[in-house]
Amino acid sequence: MPKPLLRVLAGECNVIPPIWLMRQAGRYLPEYRAIREKTDSFLDLCFNPKLAAEVTLQPIRRFGFDAAILFSDILVVPYALDQHVTIETGEGPRLDAIKEPAGLKQLRVEVDHEKLAPVYETIARVKQELPASVTFLGFCGAPWTVATYMIAGRGTSDQFPARLFAYEHPQAFAKLIDILVEASASYLVRQLQAGVDAVQIFDTWAGVLPPGEFRKWCIEPCARIVAMVRARVPGARIIGFPRGAGTELKCYLAGVPVDAIGLDWMVELNFARDEIQTLRPIQGNLDPVALLAGGAALDGAIDGILKAFAKGPFVFNLGHGVLPDTPIAHVERLMARVRGVSAGR
């Protein structure tokens with residue numbers, strides 16, 4: 001029998017929607033924290049196939065999600081393009097910032113797959129242990145989002161450095177985006193060849209751009225990635241997640257032929273049902289803070305989403321990642337509520 005999540009990506013509607021959570025393997029799990037203590041840095045964990053595979057499988061064992069997502073990070077791509085990258089707990093990512101167009105000369109033109117070989121080994125290890133009904137998801141960061149970190153050298157609240165760079169040096173910025181399109185597509189192809197069932201493109205910072213820039217730096221590059229991946233892997237299943245896109249979601253779907261689209265928690269449910277779900281399967285969009293809060297706020301938010309999206313193809317997820325302080329009991333409550341075994345439904 002096909003995996004429930006893959007059936008949704010093919011356009012089917014399930015009575016009980018498949019469920020997984022972005023950042024479902026992370027600091028809210030004590031078993032993750034125990035593994036993390038064994039490594040010197042976050043990237044060390046990402047590039048340790050044995051431990052990364054274990055972390056990928058931890059939430060599947062504990063909660064029985066319908067999908068496992070590869071434990072890695074979007075910044076492994078700039079690392080494989082020879083940009084210096086570190087990710088430390090409490091500090092976030094740090095990169096050698098590209099402050100001027102000349103800084104692009106430090107980058108490789110093509111991604112170094114030898115540097116990413118541990119990721120592909122992680123995929124092989126997970127495949128050996130993953131239950132047959134569970135979809136295995138790979139991912140990459142979208143070019144715009146990855147470029148924001150490469151230019152600023154860190155995360156910022158509104159990604160001002162990258163926005164300014166794109167206005168002041170449009171040709172250089174376009175060159176960086178081109179490099180990232182090629183690298184990201186190649187990386188996703190390798191993940192699919194290594195054994196993932198589908199992939200997601202995370203455009204975490206899509207929402208900071210005005211419409212014209214959004215179409216230039218988010219829609220067009222992601223459309224190219226999808227085309228390049230499917231040229232190498234025909235029929236590849238791909239989910240897009242342009243966080244903060246708002247009313248530009250329809251434009252994104254018109255330009256990027258993804259199989260499904262992830263929705264952040266800011267998307268109004270009736271709009272999502274009437275304007276987005278009629279175009280493509282949707283994924284989302286519980287507020288991670290509601291999951292953190294629990295209680296009546298969590299129950300009401302879950303039930304509202306289930307009621308709104310039940311009649312169309314739908315994957316239950318958060319509108320962004322699980323917050324580190326989220327109680328495990330709240331995730332257990334979420335699973336029970338979505339799967340209908342709770343007396344509250």
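How many salt bridges does a search of the whole structure find? I got 20. I counted a salt bridge where a side-chain nitrogen of Lys or Arg is within 4 Å of a carboxyl oxygen of Asp or Glu.

The model is predicted, so I noted the limits: local features need pLDDT of at least 70, side-chain atom pairs count only at pLDDT 80 or more, and totals for chains, interfaces and linings use all residues. Residues are numbered from 1 along each chain as its sequence is written, and side-chain values use heavy atoms, with hydrogens and water left out.

I looked up Arg339 next. Its side chain meets that of Asp66 in a salt bridge at 3.0 Å, N to O. Arg339 lies in helix α15 (residues 328–339) and Asp66 in the loop between α4 (49–63) and β1 (67–69), so the pair ties together parts 273 residues apart in sequence. Helices (H or I, at least four residues) and strands (E, at least two) are DSSP runs, numbered from the N terminus. Asp66 is buried at 14% relative accessibility, while Arg339 is partly exposed at 27%. For these words I used under 20% relative accessible area for buried, over 50% for exposed, and partly exposed in between (1.4 Å probe, protein chains only).

Then I checked Glu248 and Arg215. Their side chains form a salt bridge at 3.1 Å, N to O. Glu248 sits in the loop between β6 (237–242) and α11 (249–255), and Arg215 in helix α10 (residues 211–232), 33 residues apart. Glu248 is buried at 12%; Arg215 is partly exposed at 37%. I also found Asp299, Asp303, Arg333 and Arg337 joined into one network by salt bridges that share partners.
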